[in-house]
Amino acid sequence: METRQANDMFPFSCSLPQDWKKWLAFVRAEAGSRMFAVAWLCGAFALRCSEALTLKREDISLTARPSPHLTVTGETCGNQKSPGMVYIRHSHRRQLGQYLRAGITTNRSKRHSSGKVVALKDHFAFPATGFIFRSKVGSGKPTLTYQAVWHQIKRLAPRFAKLPCHSLAGKAAKITSHSARATAITHMMAEGLSTAVSMKQARHKEDSVVTHLRYGQLMVDDVAQAMDGKTQACTTSASLPAQLAKLCDLLKQGLLTKAEFAKAKRQFLG
């Protein structure tokens with residue numbers, strides 16, 4: 001059986017969606033609703049951690065037609081590397097809308113230094129305006145910092161690796177704050193999306209194609225699923241017209257340049 005060999009030069013990726021869901025559930029139970037919200041946004045939209053932390057409520061256009069999207073503005077330190085629009089796919093719209101309306105509530109337990117375990121009801125509400133992940137008053141920072149998230153993930157990953165509920169085994173200890181983005185890119189590749197489309201969604205520049213491909217830690221099983229139609233690969237003939245129509249919509253909305261559209265079209269037809 002082929003095993004996934006993660007390149008230490010690139011972030012570890014949870015290639016199986018069920019493993020990623022279990023990781024998110026673990027983060028939610030152990031670190032609370034706000035940390036879960038950060039991890040969920042990064043994994044759903046291939047965001048860098050710093051991009052999620054500097055996201056504002058106004059940057060989320062859930063009702064935009066025909067293409068709901070969120071915008072990495074490039075206006076704040078932390079989201080200036082690759083600004084652009086990120087499409088909100090149908091499978092995430094309903095969940096994101098629910099989070100925006102009602103927030104995220106988690107019932108969890110916490111152990112104090114005395115050894116006593118107390119039950120907590122943890123609620124994170126998305127603000128109506130401004131930064132979503134605001135810092136504590138008096139911290140001197142406008143938002144929760146990347147370092148705070150990094151330390152939380154570094155603390156949680158080795159504990160998650162010891163659990164028997166996932167297929168990652170000890171490799172889960174390599175999960176970092178950047179693994180959510182790598183996981184999102186891997187999942188897009190496993191679905192059969194063209195490189196041009198997944199690069200556009202991840203906002204990787206055209207000369208970063210090698211870097212982009214290294215993010216996707218695919219195995220032969222992923223190739224079999226995409227080629228034999230075990231997943232809804234966009235390159236199948238049945239879905240080709242619909243996917244080309246989506247590309248046309250992205251072009252009209254300015255989410256794809258003409259060159260990117262032509263490259264994606266060639267990949268679909270080739």
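These are my notebook entries on what I looked up in this structure.

**Entry 1: the model and its overall make-up**

I am working with a predicted model, in which local features need pLDDT of at least 70, side-chain atom pairs count only at pLDDT 80 or more, and totals for chains, interfaces and linings use all residues. Residues are numbered from 1 along each chain as its sequence is written, and side-chain values use heavy atoms, with hydrogens and water left out.

I looked up the secondary structure and found 11 helices and five strands in the protein, where helices (H or I, at least four residues) and strands (E, at least two) are DSSP runs numbered from the N terminus. Of the 270 residues, 45% count as buried, a word I use for a relative accessible area under 20%, with exposed meaning over 50% and partly exposed in between (1.4 Å probe, protein chains only). I also looked up contacts, meaning heavy atoms within 4.5 Å: among those between residues at least 6 apart in sequence, 61% join residues at least 24 apart.

**Entry 2: the nonpolar cores**

In soluble globular proteins, nonpolar side chains tend to be buried together. I therefore looked for nonpolar cores, each a set of buried Ala, Val, Leu, Ile, Met, Phe, Trp, Tyr and Cys residues joined through side-chain atoms within 4.5 Å. The largest core has 47 residues, and those with the most contacts inside it are Trp 23, Trp 40, Phe 45, Leu 47, Phe 133 and Ile 175. At least two residues of this core come from each of helix H1 (17–31), helix H2 (33–45), helix H3 (49–53), strand S2 (69–72), helix H4 (90–102) and helix H5 (146–161). With 10 residues, H2 gives the most to this core.

I then followed Phe 133, leaving aside its neighbours within four places in sequence, and found contacts that include Arg 34, Ala 37, Val 38, Leu 41, Phe 124 and Pro 142. A second, separate core has eight residues, among them Ala 182, Ala 184, Met 188 and Ala 202.

**Entry 3: aromatic pairs**

Which rings come together? I counted eight aromatic pairs, taking rings of Phe, Tyr and Trp (its six-membered ring) as a pair if their centres lie within 6.5 Å, with planes under 30 degrees apart counted as stacked, over 60 as edge-to-face and the rest as tilted. The rings of Trp 23 and Phe 160 have centres 5.2 Å apart and planes at 65°, so this pair is edge-to-face. The pair links distant parts of the chain, since Trp 23 is in helix H1 and Phe 160 in helix H5, 137 residues apart. Trp 23 is buried, with a relative accessible area of 2%, and Phe 160 is buried at 0%.

For Trp 40 and Phe 45, I noted ring centres 5.9 Å apart and planes at 90°, so this pair is edge-to-face.

**Entry 4: Ser 179**

Leaving aside neighbours within four places in sequence, I found Ser 179 in contact with Pro 11, Phe 12 and Lys 174.

**Entry 5: backbone details**

Most residues other than glycine have a negative phi, and most peptide bonds are trans. With that in mind, I looked for exceptions. The peptide bond from Arg 65 to Pro 66 is cis, with omega near 5°, and Pro 66 is found in the loop between strand S1 (60–61) and S2.

Ala 46, in the loop between H2 and H3, has a positive phi near 55°. Ala 46 is buried, with a relative accessible area of 1%.

Phi of Ala 169 is also positive, near 55°, and Ala 169 lies in the loop between H5 and H6. Is Ala 169 buried or partly exposed? With a relative accessible area of 42%, Ala 169 is partly exposed.
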